[in-house]
Amino acid sequence: MNRTIRRASVFTLLLVFALLVRATWVQFYEGRALADDNDNRRNAIETYAEPLGNIVVGGEHITGSARTKGSDLAYKRTYTNGPLYAAVTGYASQAYAPTQLEGIYADVLNGTDPRLRTVTDMVTNGRSAPGDVVTTVDPAVQKAAYEALGDKKGAAVAIDPETGRILAAVSTPSYDPASLTDANTAGEAWTRLNEDPDKPLTNRALRQPLPPGSTFKLVVAAAALEDGLYSSVDERTDSPDPYPLPDSSKDLTNENPSAPCENASIRVALQYSCNNVFGKMAVDLGQDKVRDMAEKFGFNDEKQDVPVRAYTSVYPSDMDRPQTALSGIGQFDVTATPLQIAMVSAALANDGELVSPHMVSRVTDSGGDVLEDHDEDASTRRIVSSSTAEQLRSAMQTVVNEGTGTNAQLSGATVGGKTGTAQHGENNSKTPYAWFTSYAESDANGKKVAVAVLVEQSDAARSEVSGNGLAAPIARETMRAALQD
């Protein structure tokens, strides 16, 4: 064999060897990554080859699957009362990654979770029958909150304080998840929803922290009582009105200048929502003690899962004294989700103990066997003493019976609450957020519920925006539904 032929043969063998190495690399090393790639059409074909498992509310499926026509994706997701439950379910789309419970439990719902595999599945290497996700949501409570919010931009969360079960999680304006399920039409809906200035895809109940305003005063009051700064909610405080902000030429004033806020007790200060009292209280305690109490309630928790990951509610660090004073009234850089503010009321309603809030009761396989039981696994931690919780509940009752929260009064129930009107924008130029947080206990059956409502925007004039005027009536209707037999 001459030299030229020998060299050409060796070069050809090297090329073949390189191709074999590359094919082996792709098949055994990159294969899993390529299989899992979101752009791999085979994944979508496999996911939608069979009907999906379902999300259950009140014993009824609120999701389903429908046969498609003229598509290699055999089935698409369907929703019953989609806009009502969108903040709970999220969406499962042929075109976009699933969200909320649809995303968290995608493997259970599409049958690929290893826990679903049976002996038959292992022998045949077939896909397992999908499982179901059973939620804690009470359909009557969800509907009451949704209808009470109406066309307002806002959110409501209701929690059973004794079990941590989330009875309602509503965000408005909502959207119909069904508009995003079909790959042929999802693009147009996606563009429309994302261009909507009201941001209907945003889950305001769990994932949009905003200044909580005066609802945060409950946290500051809890810190003062637990620290011993004041011995009871009826002890007079040392609180000039207006309160001269330390290291500043400005005063902290009250919305109602005629309210009896000078040296007011915690009860009276909550009743009239006295800024001077809680601003000075935060300074007297110091930001570290206030932050410690806020974090006990759940602020600054970056892994608050219900099991949807809730956005972090923030109590800031490294503030000066004027900023600390403003933080004491839920302003400056303090932010909270409605979930977080509902957790504050839930802990106080449960005698100072917070049961971890959760939206899923259990996850089951196709035969109903339990894979996960979140009711059983819910943890409980003490936030404040029983005495502090009792005193603050009493003060919250005064707010509803005689103070700024009278629109939350509910016949046949003991109700306590706290209003909030949170300023925002440059020089507080934008329309305030209206908040209300509350708890209620039925006189007839002993049922309890804790609720937080945020009204981000409504048709009310700026001068008419208040927690009592806008948010408290929504909380009242939500509590009414929760306390019914």
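Predicted model: local features only at pLDDT ≥ 70, side-chain atom pairs only at ≥ 80, totals over all residues.

Tutor: Start with one residue. Cys 261 is buried, with a relative accessible area of 1%.

Student: How do I judge "buried", and is Cys 274 buried or exposed?

Tutor: Buried means under 20% relative accessible area. Cys 274 has a relative accessible area of 0%, so Cys 274 is buried.

Student: What joins Cys 261 to Cys 274?

Tutor: A disulfide joins them, with 2.1 Å from S to S. A search of the whole structure finds one disulfide. The angle about its S-S bond is -75°, and the link is left-handed.

Student: Which parts does the pair tie together?

Tutor: Look at the loops. Cys 261 lies between β9 (251–252) and α11 (266–272), and Cys 274 lies between α11 and α12 (275–285). The pair therefore ties together parts that are 13 residues apart in sequence.

Student: Now a helix. What is the general idea?

Tutor: An α-helix has 3.6 residues a turn, so residues three or four places apart point the same way.

Student: How many residues of helix α4 are buried?

Tutor: Seven of the eight residues in α4 (residues 82–89) are buried, and the helix is mostly covered. Among the buried ones are Leu 84, Tyr 85 and Val 88.

Student: What covers the buried residues of α4?

Tutor: The cover includes strands β1 (55–57), β4 (75–79), β5 (132–135) and β7 (166–172). It also includes helices α5 (100–104) and α8 (139–149). After α4 comes Gly 90, with a positive phi near 70°.

Student: Which side chain reaches the backbone oxygen of Ala 87?

Tutor: The side chain of Asn 203 does, at 3.0 Å. Asn 203 lies in the loop between α9 (186–195) and α10 (217–227). Its relative accessible area is 7%, so Asn 203 is buried. Leaving aside neighbours within four places in sequence, Asn 203 is in contact with Ala 87, Gln 100, Ser 171 and Gln 208.

Student: Next, the sheet. In what order do its five strands run?

Tutor: Read across an open sheet strand by strand. Here the order is β7-β6-β16-β15-β14, with antiparallel pairing. β7 and β14 (413–422) stand at the edges with a single partner strand each, so one side of each has no neighbour in the sheet. The twist averages 10° from one strand to the next.

Student: How many bridges pair β6 with β7?

Tutor: Six bridges, in the antiparallel sense; β6 covers residues 153–159. Find Val 157: it stands opposite Ala 169 in β7.

Student: Which strands does α8 touch?

Tutor: α8 packs on the sheet, touching β6, β7 and β16 (448–457). The direction of α8 makes about 25° with that of β7. Another helix, α17, lies across β14 and β15 (433–442), at about 75° to β14.

Student: Where does Arg 393 lie?

Tutor: Arg 393 lies in helix α17 (residues 386–402). Arg 393 is buried, with a relative accessible area of 17%. Its side chain reaches the backbone oxygen of Leu 348 at 2.8 Å. Beyond neighbours within four places in sequence, the contacts of Arg 393 include Asp 351 and Tyr 439.

Student: Last, what feature does UniProt place at residues 53–127?

Tutor: The unreviewed UniProt entry gives "domain: Penicillin binding protein A dimerisation" there. Over residues 53–127 the chain is 32% helix and 20% strand. The end C-alpha atoms of that stretch are 13 Å apart.

Conventions: Residues numbered from 1 in each chain as written. Heavy atoms only, no water. Buried < 20%, exposed > 50% of the residue type's maximum accessible area, 1.4 Å probe, protein only. Helix = DSSP H or I, 4+ residues; strand = E, 2+ residues; numbered from the N terminus. Contact = heavy atoms within 4.5 Å. Disulfide = S-S within 2.5 Å. Polar contact = N/O pair within 3.5 Å; in protein donor to acceptor, adjacent residues only side chain to side chain. Pairing = 2+ DSSP bridges. Axes fitted to C-alpha atoms, helices over the stretch in contact; angles between N-to-C directions. UniProt positions renumbered as here; feature names shortened; annotations may be inferred.
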